[in-house]
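Hi,

Here is the structure I promised to pass on. Have a look, and then read on for what turned up in it.

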Amino acid sequence: DARVSLRSVFCGLDAGAAIEPPRGTEVPLSIDTANARRCGAYWPREPGWHALTDAGERWPFHVSEGDAGLSLAAARDTERTQGLAAAATGAVSVTTSRRVPASRWPFFIGWLAIVAVLWWIERSRPEPAIR
């Protein structure tokens, strides 16, 4: 889920890893050799298909505009934050709940039944004789 101007991290890389942007020259990644995961970060400057090259292999990935799919990104960030909170508290998982409004049909049918009964009671009374 790479985005323009946002950091993307790639792990498990060798020293010669680089990124090939859609246009322009190859960008070498600075690998953190102190960490056993051997990660490198990349800040894309343009949207489109980029490729990570490492150890003679090539892995293409798509970079989206910075403001594309913001609601999806927010949902993903929320999910990840809840996962971190669950890990920090020792909980197995964090579930989210959303209030769903009740169906309005039962209320409409109840109102309609009450109004129909009142109408029937009013119509069933004998009308007073006019003198």
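Predicted model: local features only at pLDDT ≥ 70, side-chain atom pairs only at ≥ 80, totals over all residues.

Which residues line the second largest pocket? They are Pro-21, Arg-23, Thr-25, Val-27, Tyr-42, Trp-43, Arg-45, Glu-46 and His-50. A pocket here is an open set of points on a 1 Å grid over the protein atoms alone, where a 1.4 Å probe fits, with protein on both sides within 12 Å along at least five of seven lines; lining residues have an atom within 4 Å of a point.

Residues are numbered from 1 along each chain as its sequence is written, and side-chain values use heavy atoms, with hydrogens and water left out.

Back to that pocket: its volume is about 160 Å³, counted as the space filled by probe spheres set on the points, which are joined across faces, edges and corners. Its lining divides into 4 nonpolar, 2 polar and 3 charged residues (Ala, Val, Leu, Ile, Met, Phe, Trp, Tyr, Cys and Pro are nonpolar, Asp, Glu, Lys and Arg charged, the others, Gly among them, polar).

The largest pocket comes to about 240 Å³. Its lining has 5 charged, 3 nonpolar and 1 polar residues, with Asp-1, Arg-3, Arg-7, Arg-76 and Arg-80 among them.

His-50, one of the residues lining the second largest pocket, sits in strand β6 (strands are DSSP E runs of at least two residues, numbered from the N terminus). His-50 counts as buried because its relative accessibility is 2% (buried means under 20% relative accessible area, with a 1.4 Å probe and protein chains only). Its side chain reaches the backbone oxygen of Glu-46 at 3.4 Å, and a polar atom of that side chain lies 3.1 Å from the backbone oxygen of Gly-48. Beyond its neighbours within four places in sequence, His-50 is in contact (heavy atoms within 4.5 Å) with residues including Ile-19, Tyr-42, Trp-59 and Phe-61.

As for β6 itself, 6 of its 7 residues (48-54) are buried, so the strand is largely enclosed by the rest of the structure. Strand β6 pairs antiparallel with β3 (18-20) over 3 bridges (pairing takes at least two DSSP bridges), and 7 bridges join it, also antiparallel, to β7 (57-64). Leu-52 is the bridge partner of Ile-19 and stands opposite Trp-59 in β7. The β6–β7 hairpin has 2 residues between its strands, and Ala-55 in the turn has a positive phi of about 55 degrees.

Cheers

Notes. Buried < 20%, exposed > 50% of the residue type's maximum accessible area, 1.4 Å probe, protein only. Helix = DSSP H or I, 4+ residues; strand = E, 2+ residues; numbered from the N terminus. Polar contact = N/O pair within 3.5 Å; in protein donor to acceptor, adjacent residues only side chain to side chain.
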